[in-house]
Amino acid sequence: MEVTIKEEEARAEVEIWNYVLGYVKIAVVKCAVELGISDVIENYGSPMPLSELATALQCEPSRLHHIMRIMVHYRIFKQEPINQYTVGFSSTPLSRRLIKGGEKSMAAFILLMYSPTCLAPWHCLSARVLETGNNISPFEVANGKDIWSYAEANHDFSELFNNAMGCDARLTVQATTEGCPEVFDGVEILVDVGGGNRTALSLLVKAFPWIRGINFDLPHVVTVAPKSDSIENVGGDMFMSIPNVDAAFLMWVLHDWDDEECIKILKKCREAIPEDKGKVIIVEAVLEEDKEGNELDVVGLMLDTTMMAITNKGKERTLKEWSYVLRQFGFTRFTVKPIRVVQSVIEAYP
């Protein structure tokens, strides 16, 4: 017992520094994205010496060395010998996720979540936990508006937000189309509710070319969305009405709202689809209850706390909570299909 306590104390002495200086890891990764380090090393094609990397980035070599040393420690980049005297930096699967515009890039998401606008709410988290009967989010406290009003009033933030949602959509839609393509069998007209810059819908229409898509979002969002022959951009309010279709697609939409608001959105979805063969396709996290799962389950818990920080009433849901909101407005049966990302695919039928 005494040895165990000593071991726990020793671990605690080290672990506490991970909390004291935990922001350093975040700041270094954001720095790498802003400088375009991953892009330059990937394009170089072989281990890249620090001197050449500094020249390409037009930065001071000794300062860049500090950044690269810690990124190698976290295995974001590899360090490999070039010759007897020189080492260079090489890409890894993780560093490729930081390439701007890369196929599996999360760079835009990192720039959003670690922008001053999205970092400020975290300083208000304890106040959010302590308050009762008040649904003003830490985001609104820090920035003066809720996230949707703020995005409407600030074009740069709106673009940052839509780019972040787009990079996640590329990964999630690919996981959906590869993991359960049968979900889209028989769907001829599909509305993407809250479709943003229509990244998700474009990928779905490409994967299933028989689908005609409707990108449905707030007017200020769809006015700047790209146009195409197979997708119609429609502005509106999902709490008021949704265009009539065979199926409604909602990806990372319902977690922005509380149960009452979710039920209102699902009501409009049910009104928009045929009673006999219509369905709603929901792509959201499904939290595990009272059991240990994989590492993505921890990501779901972190997302849940993020929703508390940046939305007024949003949250991630357990299977039981999903069942409640779906059945409240007449979705009598539904299936949940895990895919290889943090979200699952929920098919709900009237």
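This is a predicted model: local features need pLDDT of at least 70, side-chain atom pairs count only at pLDDT 80 or more; totals for chains, interfaces and linings use all residues.
Let me begin with a definition: a residue is called buried here when its relative accessible area is under 20%, exposed when it is over 50%, and partly exposed in between.

H255 has a relative accessibility of 4%, and because that is under 20%, H255 counts as buried. As for its place in the fold, H255 sits in the loop between β7 and α15. Which residues is H255 in contact with, once its neighbours within four places in sequence are left aside? They are E284, M307, G314, K315, E316 and R317.

One of those contacts, K315, also takes part in a salt bridge, its side chain meeting that of E321 at 3.8 Å from N to O. At 24% relative accessibility K315 counts as partly exposed, and E321, at 28%, is likewise partly exposed.

Let me now move on to α15, the helix that covers residues 259–272. The buried residues of α15 are D259, E261, C262, I263, I265, L266, K268, C269 and A272, and what covers them includes the strands β7 (247–251), β8 (279–287) and β9 (317–318), together with the helix α17 (319–328).

The largest nonpolar core has 29 residues, and within it L250 and I282 have the most contacts. Two or more residues are given to this core by each of β4 (189–193), β5 (212–217), β7, α15, β8, α17 and β11 (343–349), with α15 providing the largest share, six residues. If we take I282 and again leave aside its neighbours within four places in sequence, its contacts are L250, L254, L266, W322, L326, S344, V345 and I346. There is also a second, separate core, of 23 residues, which includes F184, L204, V283 and V341.

Finally, I turn to the charged pairs. Side chains of opposite charge can pair when their charged atoms come close. The structure holds 14 salt bridges, and I will pick out a few of them.

In the pair formed by E34 and K30, the closest N and O atoms are 3.7 Å apart. Why are these two separated by about one helical turn? They lie four residues apart in helix α2, residues 23–35, and therefore about one turn of the helix separates them. E34 counts as partly exposed, at 47% relative accessibility, whereas K30, at 18%, counts as buried.

A second pair joins R96 and E42, whose side chains meet in a salt bridge at 3.0 Å, N to O. This pair links distant parts of the chain, with R96 in helix α6 (residues 93–96) and E42 in helix α3 (residues 37–44), 54 residues apart. R96 is partly exposed at 39% relative accessibility, and E42 is partly exposed at 31%.

Beyond such pairs, E182, K279, K337 and E347 are linked in a network of salt bridges.

Note on methods:
Residues are numbered from 1 along each chain as its sequence is written. Side-chain values use heavy atoms; hydrogens and water are left out. The expected span of a helix is 1.5 Å times one less than its number of residues. Buried means under 20% relative accessible area, exposed over 50%, partly exposed in between (1.4 Å probe, protein chains only). Contact means heavy atoms within 4.5 Å. A salt bridge is a side-chain nitrogen of Lys or Arg within 4 Å of a carboxyl oxygen of Asp or Glu. A nonpolar core is a set of buried Ala, Val, Leu, Ile, Met, Phe, Trp, Tyr and Cys residues joined through side-chain atoms within 4.5 Å.
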